[in-house]
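Hi everyone, thanks for coming. Let's take a few minutes to look at some side-chain packing together.

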Amino acid sequence: MADISHKKIGEILVENGLVTETQLAEALAEQRVTGNRLGEIVVKKGWVSREEVEKSLTQQKGISSFNLSGYIIEPEVVKLIPEDFARKYKLMPVFVIENTLTIAMADPSNVFIIDEIQRLTKLNVEPVSAEELDIRKVEDQYYGPTGSLQEIIASIDKNKLADAEKLGDEAPVIKIVNYLIIQAVQTKASDIHIEPEDKLLNVRYRIDGMLHRQPSLPRDLAAAVTSRFKIMAGLDIAEKRLPQDGRIMMKVGSKDIDFRVSTCPTIHGENIVLRILDKTGLVLGLESLGFPPNTLGLFKELISSPYGIVLVTGPTGSGKTTTLYSSLQILNKEDVNIMTVEDPVEYQFPGMRQVHVNVLAGLTFASALRSFLRQDPDIVMVGEIRDLETAEIAVQAALTGHMVFSTLHTNDSPSAFTRLMNMGVEPFLISSSLLGVLAQRLLRRVCEKCKELYSPSEALLKDMGLEDKIKENIKFAKGKGCKVCNQSGYKGRIGIYELLKVTPEIQEAVLKKLSADEIRNLAVSQGMVTLRRAALEKLLLGMTTPEEVMRVTLESG
């Protein structure tokens, strides 16, 4: 149980100059008659605001004040405390970390109730202070009909469906949306798709890069569910004709989660996609991303250069941002000024100046980058080079002694050169500023829990370009499917990398405006490992499957 001091709230109110000794005596006299809490009495008399009382309670007990509206509580935690007990003593379980249950309480000084909760739950209890009204509201949301999604849906008053805006704040709809969010976070989904169709409301989660269908919702709940997401993201509920973008900052259990919300009007209603940014699940560190030792050593050498440009390329969701953040973490030291401009800033890091693009206000990648050059940076990260202006400023920054990191949307590393030339960047500027290009993809890993080995046929080996392995009796791995991997046979992902270092020969090829294929052939002759070859190495190590290799990489890449 938390260590609770015995300093009285009245003493603290006087010490902080919030009430006088005379006022305190009057309040204490009224408390002896009515039995009401001292804080409620001084607020009712208008001497002190509710916020000041909350701060004093926090100071009194060493107990933190708690905003329940920013939390989504997991069903397993709610079940720890019976509803009648929670309502009687004005409290709400919030989350469990290891063997400690955090409880939001209107009166966190009630040691007898805390002891009783410890006896009930067999857990240590950490009390936090919360407004009684907030606790009542959250109790209404989480208690009552629980269990399966269908049971929650069945509890909705169908007569209220016409007023979707009001229903978005009703407990059953809040429970449905919370259920969808909790399930997505627990399955480590990266995105939630809410898709209205003619006769139902589709729900899909993107897990390990692939969309997985979830139980659908009744079509008549579409407006209410949409309204709930919009309320949470601070969007305009009344605007249904135009796309909107918003953000939800929530705690799901004990995790801080950032949701990026996007709505888009379709013929059947508003489509909603939530990108889930779970900082606690972010794996940073180049060593943990799947780099082979040789590629890792060369990449570290490139990013440690004093000036120049390093590009990371690949489609959306291929892990480019994670690679860049991992690189910046290595370089983030006290004697270095790192500035980033991103759209959006996905994760915040101490020691870096991070800027969020705001096109409506005129803050673009190009304008931010131009401003950076007057801010004395050592290292600059640009979220993406999308146009000639941004590309030219990045080149200028590299040629004037700055280290620049950025991304491009190209299929492989050699294509980055032709992409920049197509934007209008002069070949001599590209060849003199670009240090290297890293192309990457993410392959789904075979689930370790249901992994099994098998001998591939000669035909399969030939299809994979592994004819030289036919006589080696090699084994491939696949997942049978289990509860851990949701019957998919895959759990988690690992990166594959194609690193092209700009050598004098590559510079010459760029100056001659050779094609991407010609630059690739030259780079391979100098030792570059292609994406396909990198994927095959993971296949031979039993980390992934032939199907994944074929799905993610091109024959030539």
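Here's one to start: which residue lies over the face of Y454? Keep in mind that this is a predicted model. The residue is K478, at 5.2 Å from the ring centre of Y454. There is also an arginine to look at: R444 has its charged end over the ring of Y490, 4.0 Å from the centre of that ring.

On to rings with rings. Searching the whole structure gives 7 aromatic pairs. One of them is Y71 with F95, a stacked pair with 6.0 Å from centre to centre and 10 degrees between the planes. Y71 sits in strand β1 and F95 in strand β2, so this pair ties together parts that are 24 residues apart in sequence. Y71 counts as buried, at 12% relative accessibility, and F95 is buried too, at 11%.

Now take F85 and Y89. Their ring centres are 4.9 Å apart and the planes meet at 55 degrees, so we call this pair tilted. Here F85 is buried, at 13% relative accessible area, while Y89 is partly exposed, at 31%. And if you look at F291, F299 and Y497, you'll see ring pairs linking them into a cluster.

Last, the nonpolar cores. The largest has 67 residues, and I176, I181 and F259 touch the most other members. Helix α11, residues 171-186, gives this core its largest share, 8 residues. Leaving out residues up to four places away in sequence, I176 touches L149, I152, I153, I156, L217, L221 and V225.

Terms used:
Residues numbered from 1 in each chain as written. Predicted model: local features only at pLDDT ≥ 70, side-chain atom pairs only at ≥ 80, totals over all residues. Heavy atoms only, no water. Core = buried A, V, L, I, M, F, W, Y, C linked by side-chain atoms within 4.5 Å. Buried < 20%, exposed > 50% of the residue type's maximum accessible area, 1.4 Å probe, protein only. Helix = DSSP H or I, 4+ residues; strand = E, 2+ residues; numbered from the N terminus. Contact = heavy atoms within 4.5 Å. Phe/Tyr/Trp six-rings, centres within 6.5 Å; stacked < 30°, edge-to-face > 60°. Lys NZ or Arg CZ within 6 Å of the ring centre and 35° of its normal.
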